[in-house]
Amino acid sequence: MKIHYDLIVIGAGPAGTPAAMTAAQFGAKVLLVDKRDAPGGECLFEGCIPSKVLENAANNYWRVISSKKFHIQNTNTAQIHWEAVIQDKDEILKKRSQGAMQVIKKLPTLDFKQGTAKFTDAHTLNIDGEFFSFDKALIATGGKTTIPPLKGNGVDKIWTNKDVFFEKELPKELLFIGAGAISCELTQMFNKLGVKCHILERSERILRHLPSEAALTVQNKMIENGVTVDLHVDLQKIDYENDKFIVTFMQEGKERILECKHVLMATGRGANVDGLELENANVEYNKGGVVVNKQLQSSQAHIYACGDCVPGPKFAHTATYEAGIVVHNMFAPSSHFVNYDKNSWVLFSDPQIGIAGINEQQAHERGLDVDIATYDYSQDARSQIDKSTEGFVKFIIDKKSKVIIGIEIVSEDAASLLGEAALIVANEMNSMDIMKAIHPHPTLTESFGKLAQQIFFKSMMQRNR
Ligand SMILES: Cc1cc2nc3c(=O)[nH]c(=O)nc-3n(C[C@H](O)[C@H](O)[C@H](O)COP(=O)(O)OP(=O)(O)OC[C@H]3O[C@@H](n4cnc5c(N)ncnc54)[C@H](O)[C@@H]3O)c2cc1C
Ligand SMILES: NC(=O)c1ccc[n+]([C@@H]2O[C@H](COP(=O)([O-])OP(=O)(O)OC[C@H]3O[C@@H](n4cnc5c(N)ncnc54)[C@H](O)[C@@H]3O)[C@@H](O)[C@H]2O)c1
């Protein structure tokens with residue numbers, strides 16, 4: 001016998017969980033199913049949250065040991081109790097997951113079930129041998145690490161984000177393969193804790209998806225702080241012998257070999273649709289994940305997909321934004337379409353990088369006619385007080401309409417500053433709109449007002465010429 005639901009959501013991450021909750025609040029009878037026994041997804045258990053808990057601990061440790069610049073003495077005796085930090089992380093994960101479960105339990109039409117779902121036809125799912133029918137379904141099964149095809153007996157033993165947050169002991173040395181978002185955040189974190197870090201990246205610089213000025217600021221800081229960065233690397237094989245990895249790669253036509261106790265692979269993430277048996281439901285998919293239209297409907301109009309299992313930006317908040325669109329399109333009369341041009345995100349590197357809207361690189365790639373205006377934090381009062389003067393705020397301005405279509409921030413505190421940037425971009429503001437706000441002194445947010453003034457006065461002078 002099949003149990004019937006209005007909606008079945010597969011995957012309880014930042015995409016699936018809010019979608020299921022909102023649909024239940026609309027009055028729909030919903031089943032939320034996940035392989036894990038608790039909601040949260042990869043973001044909570046192996047991604048955003050564990051990485052930021054550990055990074056926060058490392059940053060606090062680093063602040064203490066590098067506080068000599070504020071004339072604080074005897075800072076070199078500080079120690080970090082890593083096992084306790086890992087315990088803190090586990091408690092936060094548990095608390096957040098239990099909190100989400102409590103919300104689920106309070107919603108009378110929402111059920112949670114642990115199990116692995118696969119389609120048997122376009123209206124039926126098999127969850128660990130039990131059958132469930134649905135009017136609508138949402139595939140929110142997230143992403144997975146892409147491991148390049150490599151030779152060697154060590155490939156199966158390398159760490160990914162599924163391993164690194166569970167190690168109770170700090171490694172002494174760590175070799176990162178790939179210098180994208182995951183590696184750059186983790187390298188700087190481990191480096192601050194005294195772990196000897198080495199990065200192997202195949203491109204000409206780290207963070208190749210990010211604008212070069214921002215990426216190179218982080219790359220220079222990394223190198224300055226003792227991380228070894230090898231670029232233009234063509235990885236050949238990874239062997240494991242005598243408790244050590246032996247990594248062979250080509251660089252500038254020469255073969256090089258490195259030995260390291262631990263290796264972490266972060267060479268990009270793909271969509272996870274493994275084992276869903278989408279063929280049985282006639283749902284189209286390819287390397288990028290489930291094929292969806294701008295309303296996030298799959299090739300079967302009643303089956304939607306969102307989050308990391310579809311092409312597009314791979315962030316927790318973007319997954320939740322997409323979930324809102326899906327539920328709206330399922331239960332409200334009008335249609336909503338995804339648009340990533342106002343997306344924002346923060347890389348928790350040192351300094352942090354925050355991007356709202358379209359960055360300079362994307363603007364040029366799209367052939368947009370834009371003006372660029374930059375405020376340098378070296379001249380900023382708050383930055384000088386904090387002795388943290390590297391970085392900048394950059395506005396990407398549509399030449400014709402004067403609307404700020406993108407903002408890049410490189411700063412020790414880009415995460416906090418990005419909220420204002422996201423609002424400016426989302427509301428299609430121009431410099432006059434920003435000047436209406438009286439920014440408090442001395443704070444980093446003054447940079448928005450000062451940059452807006454700079455743009456405004458420049459345009460006045462050009463007009464008066
Ligand atoms: C190390 C790391 C750090 C990150 N840091 C950030 C950050 O700081 N900020 C940010 O915005 N993003 C960050 N991300 C990205 C973020 O984690 C993802 O974008 C986000 O988790 C995507 O959400 P999702 O709901 O699509 O998928 P997921 O969170 O992956 O959830 C998918 C769920 O589906 C379940 N599932 C899969 N298949 C099945 C099945 N057949 N049956 C039942 N259940 C199934 C899985 O168990 C999982 O719980 C980070 C990622 C990593 C790896
Ligand atoms: N703060 C955040 O929001 C945050 C943090 C971490 C991850 N994420 C999300 O997770 C996604 C995945 O992160 P990621 O770091 O795995 O991927 P990524 O796409 O950001 O970077 C992968 C890097 O690996 C390199 N690479 C690929 N194959 C290689 C090879 N064979 N040898 C050497 N280098 C190789 C690529 O050139 C690239 O620089 C990000 O795109 C982002 O969406 C977000």
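Mentor: Helices (H or I, at least four residues) and strands (E, at least two) are DSSP runs, numbered from the N terminus. An unreviewed UniProt entry lists residues 5-323 as "domain: FAD/NAD(P)-binding"; positions are in the numbering used here, feature names are shortened, and annotations may be inferred rather than shown by experiment. The model is predicted, so local features need pLDDT of at least 70 and side-chain atom pairs count only at pLDDT 80 or more, while totals for chains, interfaces and linings use all residues. Residues are numbered from 1 along each chain as its sequence is written, chains are lettered from A and ligands numbered from 1 in the order in which they are written, and side-chain values use heavy atoms, with hydrogens and water left out.

Now the ligand. Around ligand 2 there are 23 residues, each with a heavy atom within 4 Å of it. Glu185, Glu201, Arg208, Lys314 and Val346 come nearest. The shell divides into ten nonpolar residues, six polar and seven charged; Ala, Val, Leu, Ile, Met, Phe, Trp, Tyr, Cys and Pro count as nonpolar, Asp, Glu, Lys and Arg as charged, and the others, Gly among them, as polar.

Some polar contacts (pairs of N or O atoms within 3.5 Å) can be named. The side chain of Glu185 has an N or O atom 2.8 Å from a nitrogen atom of ligand 2. For Gly268, a backbone N or O atom lies 3.1 Å from an oxygen atom of the ligand. The protein buries 86% of the 850 Å² that ligand 2 exposes when taken alone, by the Shrake-Rupley method with a 1.4 Å probe. Helix H5 (181-192) and strand E19 (344-347) are the elements that give two or more residues to the shell, and H5 supplies the largest share, three residues.

Terms used:
Polar contact = N/O pair within 3.5 Å; in protein donor to acceptor, adjacent residues only side chain to side chain.
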